[in-house]
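Subject: Structure for you to look at

Hello,

Here is the structure I said I would pass on. Please open it first, then read the notes below with it on screen.

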Amino acid sequence: MDRNDMQLSRRGILAAALVAGAAGVAAPALAAKMKPAGAKPAEAKGASFLLRGVTLETGYRREGSEVVGTETAKASVLVQGGKIAAILPADAPAPMGVAVRDGQGMLLLPSFRDMHIHLDKTFYGGPWVPPRKRTEGIRGQIKLEQTLLPQLLPTLEERAGKLVDLLQSNGTTFARSQCNVDPVVGTKHVELLKHALDSRADGFGHEIVAFPQHGFVSADLIPTMRAAMAAGATHVGGIDPTALDGGMEKSVDAMMQVALDMDKGVDIHLHEPGASGIAAIRRIADTVEREPELRGKVTLSHAFSMMSLPAPEMEELAARLAALDMSVASTLPFGTRMMPIPILLDKGVKVYTGTDSVEDHWSVFGSGNVLEKAKLACQLYGWSDEYTISQSLKIATGGPTPLDAAGKQVWPKAGDAADMVLVPAACSAEAVARQSPRKAVFHAGNLVSGALDAA
């Protein structure tokens, strides 16, 4: 057993004992004292090369008004300094001194973005940890965290790294990670996760949400949340203001004030259904309307209360969110009611997705594969033809698609980041429907997963 296996085994045994309710073992001291995290994220060092012989989507094939196929063409893509410099003919010679990689005729797509995941809380990469029945609902899980998280703190960076490896293998090169800030771990999760992700900046982009899992106002976390912002978190988080934090107005207002004071974004966990959830959304929107510097910086995660609104009210709310440039991050839950994603998209709201929990004490079913979420959206909303399946790719990429709604080629173009994935597929629709394997994944032009031959 090598050193990594030993560490993983120790972590798995410890986590299993904790989840099973066995007596906890005091957390060992960190091997090295962490340097304070700076607010500025690390930047990727971009690569330069010619990616020869890839397939690009160029338009839709139509019969009358119906899209019946996707047009493609072979091309070569020149990457310089981590950005796409030019789209060239398939047989174009490489500039002097530029390495050439063989795209093997595969389809080139924008790489994917996981916009709601908990990289700091995972058992992924270690032995199976048996999930337990929940007691006391969300409050019972929070009580478990008070024991579990300090015990797992020494291996946070290792576990997060394993999960990033999984994301990259699935074509994801950017994640917005929710990261616990609470009375037990303070800002340690933010500091350790930022250190881990900054060290991988050449291959993975990130944002960090300081997430007050145990409550914001009710846990007296305002000073700690401010410290988390100073330690490098990019977004102020929040959680169910009425159902968990004990007061909608106080909770929402505190969250928004910290964001305003520290010039940060907002991303709130809003699980609570019905009227209280809608009231929180409207209060957040009121603040964005009064404070225009927050426009484009506020995300509602989950927002399950939207499922309870009649279509006319949902359309009105979606139009307001779009006008305020507020976004929604949904894990696309399925059940007797569904999130109104088509209405949000139709009104122009930016809709993101994420894989949320990946093998942790909240859920063991997360896959770390956001392309699956695009396929799930197709199944949930009846997007079953070439056009709608193709456009569903935006669920996985966080927005970019090779063809816009009118069928005009809009990606890749000169100036775009060289965040790309090669798949053996004829078009986006096939990649989504068949979940085509990701053969090569690039971030800032750096090959971070898969392999390609030199040409």
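The crossing of helix 6 and helix 7 is right-handed. Bear in mind that this is a predicted model. The two helices pack at an angle of about 40°, and their axes are 10 Å apart. On the helix 6 side the contact is made by Met248, Glu249, Val252, Asp253, Met255 and Met256. Helix 7 contributes Ala279, Ala280, Arg283, Ile284, Thr287 and Val288.

Next, Lys264. This residue sits in the loop that runs from helix 6 (248-262) to strand 10 (265-269). Lys264 is buried but has no salt bridge. The nearest side chain of opposite charge belongs to Asp263, 7.8 Å away; a salt bridge would need a distance within 4 Å. What does the side chain of Lys264 reach at 3.1 Å? It is the backbone oxygen of Ala233. Leaving aside neighbours within four places in sequence, the residues in contact with Lys264 include Met229, Thr234, Val236 and Leu294.

Some backbone details follow. The peptide bond between Trp411 and Pro412 is cis, with omega about -5°. Pro412 belongs to the loop between helix 12 (393-397) and strand 14 (420-423).

Gln435 is not a glycine, yet its phi is positive, near 50°. You will find Gln435 in the loop between helix 13 (428-434) and strand 15 (440-443), and it is buried, at 18% relative accessible area. Ala444 also has a positive phi, about 50°, without being a glycine. Ala444 lies between strand 15 and strand 16 (446-450), in a loop, and is buried with a relative accessible area of 10%.

Regards

Key: Residues numbered from 1 in each chain as written. Predicted model: local features only at pLDDT ≥ 70, side-chain atom pairs only at ≥ 80, totals over all residues. Heavy atoms only, no water. Helix = DSSP H or I, 4+ residues; strand = E, 2+ residues; numbered from the N terminus. Buried < 20%, exposed > 50% of the residue type's maximum accessible area, 1.4 Å probe, protein only. Lys, Arg positive; Asp, Glu negative; His and termini not counted. Polar contact = N/O pair within 3.5 Å; in protein donor to acceptor, adjacent residues only side chain to side chain. Contact = heavy atoms within 4.5 Å. Axes fitted to C-alpha atoms, helices over the stretch in contact; angles between N-to-C directions. Left-handed = near helix turned anticlockwise from the far one by under 90°.
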